[in-house]
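Here are a few friendly notes to read alongside the model. Have the sequence and the 3D view open as you go.

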Amino acid sequence: MPWDSVPWFTEGGAEHSSEIARLLAYTAFAGAEGIIGGGDLQVKALGTPGPAVQIGTGACAVLNRSAGAAYQAYAARLPTSDQVSIPGTGASPRSDLIVARIENPYSFGETWPNPSDPKVGPYVFTRVVSGVPNTTKSIRQVRSADSAITLARIDIPANTSSITQAMIKDLREMVNPRRRRVLRYMHGFNGVDEVGNTRYPNWEEFPNGCRWPIEIPEWATSATIIATWAGLEQVNAKDSYGHLRAKLGTLVTSNTNYDCDWVGSRQRFTFIGGGTVSIPSSLRGTVQDLVMEGCNTSNTSYTGTLEADGGSTMFCDIEFVESPREDSF
């Protein structure tokens with residue numbers, strides 16, 4: 001019989017296989033693995049550093065890597081924090097991986113020992129994979145057949161028995177990180193607004209009135225902002241040099257320079273600026289103004305200005321991203 005004979009879901013008392021159940025998990029996780037929430041399963045040093053680390057609560061998806069286990073995944077949760085011991089080092093430093101591993105002896109090809117009670121297992125553990133290269137970022141690099149996800153690497157100096165937070169490198173990845181893209185634009189300005197009358201390090205809103213209220217998702221940990229000043233006009237017979245940036249609440253992108261030399265006639269220029277900003281927890285779930293800003297250089301020999309007018313268009317393209325975050329527990 002080539003098919004797994006009982007598909008999900010069949011009535012009449014049919015018995016559904018564990019493989020079909022794991023197929024559902026695989027589909028729900030879109031074939032990916034990792035932590036579910038951004039703050040899940042963080043590895044931290046003990047409150048008073050000692051020969052152990054603690055793992056915060058959370059949940060995860062783990063692909064089944066046993067032989068023939070295509071399109072299968074496990075769903076696992078840690079409802080209370082866990083703690084694992086870390087042996088001290090001798091004369092040489094050592095690096096250890098901290099992983100969440102499924103140890104299912106009933107999956108084809110696996111050799112894990114049977115649990116004392118098959119009903120409750122346990123079948124999932126926090127494990128320490130000791131003595132890995134200090135460049136290791138994934139359990140796949142050292143134990144490719146394990147059904148496990150990587151949580152952290154601990155780089156322990158020689159002659160050390162207590163683990164501090166500085167030794168722990170977070171290696172968590174999210175199973176399906178959320179993203180949200182927001183686009184805003186403004187075309188045409190009544191009258192003319194100039195950039196160049198304010199000198200660095202001071203900034204002015206440019207163009208004046210070019211701001212939008214933006215709702216920051218509660219899950220966002222960073223945002224990439226692409227700001228475009230299109231069709232700025234150089235109208236006076238002076239060289240213009242200055243800076244442009246975008247500002248979201250109190251968060252500012254890196255500066256983009258503009259440098260326009262007067263060549264004897266009016267010209268229009270387009271500039272693109274922006275960057276990636278980290279979003280602190282205090283701003284998540286709030287509404288903040290996105291503002292486009294500019295200023296003249298601090299070098300007073302540049303006296304030219306650029307203008308936004310009825311032929312100018314401003315764009316802001318923002319992508320909010322979710323990634324593992326360091327939540328206290």
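**Notes on the strands and the surface**

1. Strand β3 (residues 52-55) and β6 run antiparallel and are joined by 4 bridges. Valine 53 has valine 84 as its bridge partner in β6. Two strands are said to pair if DSSP finds at least two bridges between them, and strands themselves are DSSP runs (E, at least two residues), with helices being H or I runs of at least four, numbered from the N terminus.

2. A word on the source: this is a predicted model, where local features need pLDDT of at least 70, side-chain atom pairs count only at pLDDT 80 or more, and totals for chains, interfaces and linings use all residues. Residues are numbered from 1 along each chain as its sequence is written, and side-chain values use heavy atoms, with hydrogens and water left out.

3. β3 belongs to an open sheet of 3 strands, ordered β2-β3-β6, with antiparallel pairing. β2 (43-50) and β6 (82-85) each have a single partner strand, so one side of each has no neighbour in the sheet. Neighbouring strands here are turned by 35° against each other on average, direction ignored; axes are lines fitted to C-alpha atoms, and angles run from 0 to 180 degrees between N-to-C directions.

4. A second open sheet has 4 strands in the order β8-β7-β9-β10, and its pairing is antiparallel. Its edge strands, β8 and β10 (168-170), pair on one side only. Strand β9 (residues 148-156) is joined to β10 by 3 bridges, and alanine 152 has aspartate 170 as its bridge partner in β10.

5. Phenylalanine 125 and arginine 101 are 24 residues apart in sequence but 5.4 Å apart in space, C-alpha to C-alpha.

6. Phenylalanine 9 sits in the segment before α1 (18-28) and is exposed, at a relative accessible area of 52%.

7. For the overall picture, the protein has 1 helix and 22 strands. Its C-alpha trace spans about 85 × 60 × 30 Å along the principal axes, and 47% of its 329 residues count as buried.

Definitions and conventions:
Buried < 20%, exposed > 50% of the residue type's maximum accessible area, 1.4 Å probe, protein only.
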